[in-house]
Amino acid sequence: AKFQIEWKEIRNASIRQTEFPFPYRDGQRNLVSAVYRSILRKKKLFIQAPTGVGKTMAVVFPAVRAVGEGLGEKIFYLTAKTITRTVAWQAFETLREQCLRMKVIVLTAKEKICFCEETNCNPDACPYAKGHFDRVNDAVYQLLHQGDVFTREELLAQAKTHRVCPFELCLDTASWVDNIICDYNYVFDPTVYLKRFFAEGVRGDYLFLIDEAHNLVERGREMYSASLYKEEFLSVKKLVKKRSLKLAKELQKCNEILLGYKRECEQFQYHENISAFVFALLRLASEYEVFLQKNREFDGRDEVLELYYKVRSFLDTSERLDENYVIYSQHEGERFQIKLYCVDPSKNLQERLDKGKSTIFFSATLLPIQYYKSLLSTKTDNYAVYAETVFRPQQQLLLIASDVTSRYTRRGEQEYARMADYIYQTGMQKKGNYIVFFPSYKMMDDVYEQFLGMNTAQMDCIVQKSGMKEADREEFLAQFAVGRSRTMIAFCVMGGIFGEGIDLKQEQLIGAMIVGTGLPQVGNEREILKQFYDQRSGCGFDYAYRYPGMNKVLQAAGRVIRTVSDVGVIELLDERFLRREYRELFPREWQSCEVCTVLNVAEKLRGFWDAQEGSRA
């Protein structure tokens, strides 16, 4: 208690001396003010902030000042990707370079920080778990006095010195710090959320800063949904029947109910009521717990345990069922699945947001704002702000092709050849690095094949592969930093690992060509979304397809202009972008655009690049 009181005085005194670390960019001061006012009024704020606004610092700085003035006690900076956690860390480091004293930690997943080859938290299997609670308090207390920032390396070193679990050390330390940078799931996921902060009946003066908030819609649906496969019950039954006839019997009952659903289901089927199956799962879970208590070690235990966790998750999710859920079953290849699908995650997300004091949602692609406001919160009095871009219109050329499309009815060699022609002509007008984004690997490969026929060694090419590992990804991105004597074209998939979160500045990338409108592939869940929102608001196609697709387009296009000195071209290679329903989704900075065809695209590109050369001269 003495440490807490003394630390808070030191922290707040340092915050009062901390100023915004850079000259304010256009609109940035207004953004800082909007964030502060939202925290002061205990509101939620949605920020559409184009690239280059400096949104991370514009959100972090007022949140820090708010903590210093007693408007909040702990900041949770929530991200969907590792790279954005790094950006957040750098923002706090920049403030520390002034005089800020705040304790900051980045939470790392258990699997990534565990000392053991296989994560097994049994004290008999892990020397760091054995006696952990006898030593962890000293480890945390010492760590808190060593410094203010706790990196993964420091946590690992401290855990090794004190022989404690590094993941639990990380969580215990988080209880005493001021800023926690972590993945969405530590706040929202009902199976892994941090119970020390968000358990039932627990709430605090937390400030939630949610980066790349557009990702939280699909992540929310995923976190609050649950599914089971019929085949898993049979597989586990075979593993346990010699050890427990009772458990095998309960597994068989669940399997029989699913078999009944399977016989009624041709390909896909809605279910109004699955209470018989839920009751069977409750009996199964009860017998499961008895079995696991008696059988600590046996062959196949991991598989048996995995189904138990899935059953528990399914039962927990079944208690959440309301008008925001759809229950369905489907044949998935050789397997049969039943799923509790959270179509609208806003209510579940709101329950967690209510654990804190204020929330700031921010992203470069939070359009249309009403769509995200309706899916990320149930409140109707949330604020929203559109940050001004710092870029001049002359920095980019936005072209919309009127003579090409990725629509299924038009796909074929002729269309792919025209796409390849666009790519070829673009690369030939100005030497540099370009990315072409495609709606699928199949189309990418087909167009790439056409392009190779045109490109007689004038340009270098790199192609994204499915299932690229971290090292492959880094090697791919390193190609953009290589000094070249000719143009390089990167063929990528929209919405994939290179579609957002990569930062290629200045000459590293001078153009992006986006093939298609980014519409998600038609599938059962997309059609469920469409029907659900058709009934609720009459805009099912927008919610299921157009809005998520446009988000991928905007993210891909956002790779080009990253700094105030960047210059580049964006080509939207699909005639559908000329339609009113798509033009209405364009950000403000896209209002200046030109229509082109494959016959005049070279001329328009030359005019743009010549103008850039003229302005430099």
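Predicted model: local features only at pLDDT ≥ 70, side-chain atom pairs only at ≥ 80, totals over all residues.
View 1. Overall, five bridges join β13 to β18 (residues 568-573), and the two strands run parallel. Leu572 also turns up among the residues with the most contacts inside the largest nonpolar core.

**View 2. The other neighbour of β13, strand β19.** Here β13 pairs with β19 (residues 594-596), again in the parallel sense, over three bridges. Leucine 399 is bridged to glutamate 594 in β19.

**View 3. Which way do the side chains of β13 point?** Gln396, Leu398 and Ile400 go one way, while Leu397, Leu399 and Ala401 go the other. In a regular strand, side chains alternate between the two faces of the sheet. Six of the six residues of β13 (residues 396-401) are buried, so the strand is largely enclosed by the rest of the structure.

**View 4. The whole open sheet.** What is the strand order? Seven strands line up as β15-β16-β14-β17-β18-β13-β19, and the pairing is parallel. β15 (460-463) and β19 are the edge strands, each pairing on one side only. On average, neighbouring strands of this sheet are turned by 20 degrees against each other, direction ignored.

**View 5. Helices lying across the sheet.** Helix α19 (residues 441-454) lies across β14 (433-438), β15, β16 (488-493) and β17 (511-515). Relative to β16, α19 runs at about 155 degrees. Helix α22 lies across β14, β17 and β18, and runs at about 160 degrees to β17.

**View 6. The largest nonpolar core.** This core has 101 residues. Those with the most contacts inside it are Phe76, Leu107, Phe188, Ile210, Phe480, Leu572 and Trp590. Which helix gives the most to this core? That's α22 (residues 540-557), with nine residues. Apart from this core lies another one, of 39 residues, including Leu31, Val64, Val104 and Ala387. In soluble globular proteins, nonpolar side chains tend to be buried together.

**View 7. Zooming in on isoleucine 210.** Leaving out residues up to four places away in sequence, Ile210 touches Leu78, Tyr184, Phe188, Leu216, Leu353, Thr359, Ile360, Phe361 and Phe362. One of these, Phe188, is listed alongside Ile210 among the residues with the most contacts inside the largest core.

**View 8. Helices α11 and α17, side by side.** α11 (residues 216-223) packs against α17 (residues 369-376) at an angle of about 25 degrees, with the axes 10 Å apart. That angle makes the two helices roughly parallel, and their crossing is left-handed. On the α11 side the contact is made by Leu216, Val217 and Arg221, and on the α17 side by Tyr371, Tyr372, Leu375 and Leu376.

**View 9. Valine 343 in its loop.** Val343 belongs to the loop between β10 (335-342) and α16 (346-353). Setting aside neighbours within four places in sequence, the residues in contact with Val343 are Arg221, Asn324, Val326, Ile528, Leu529, Phe532 and Tyr533. Arg221 is one of the α11 residues that make the contact with α17. Leucine 375, on the α17 side of that contact, is 32 residues from valine 343 in sequence and 9.4 Å away in space, C-alpha to C-alpha.

Key. Residues numbered from 1 in each chain as written. Heavy atoms only, no water. Helix = DSSP H or I, 4+ residues; strand = E, 2+ residues; numbered from the N terminus. Contact = heavy atoms within 4.5 Å. Core = buried A, V, L, I, M, F, W, Y, C linked by side-chain atoms within 4.5 Å. Buried < 20%, exposed > 50% of the residue type's maximum accessible area, 1.4 Å probe, protein only. Pairing = 2+ DSSP bridges. Axes fitted to C-alpha atoms, helices over the stretch in contact; angles between N-to-C directions. Parallel < 35°, antiparallel > 145°, perpendicular 65-115°, else oblique. Left-handed = near helix turned anticlockwise from the far one by under 90°.
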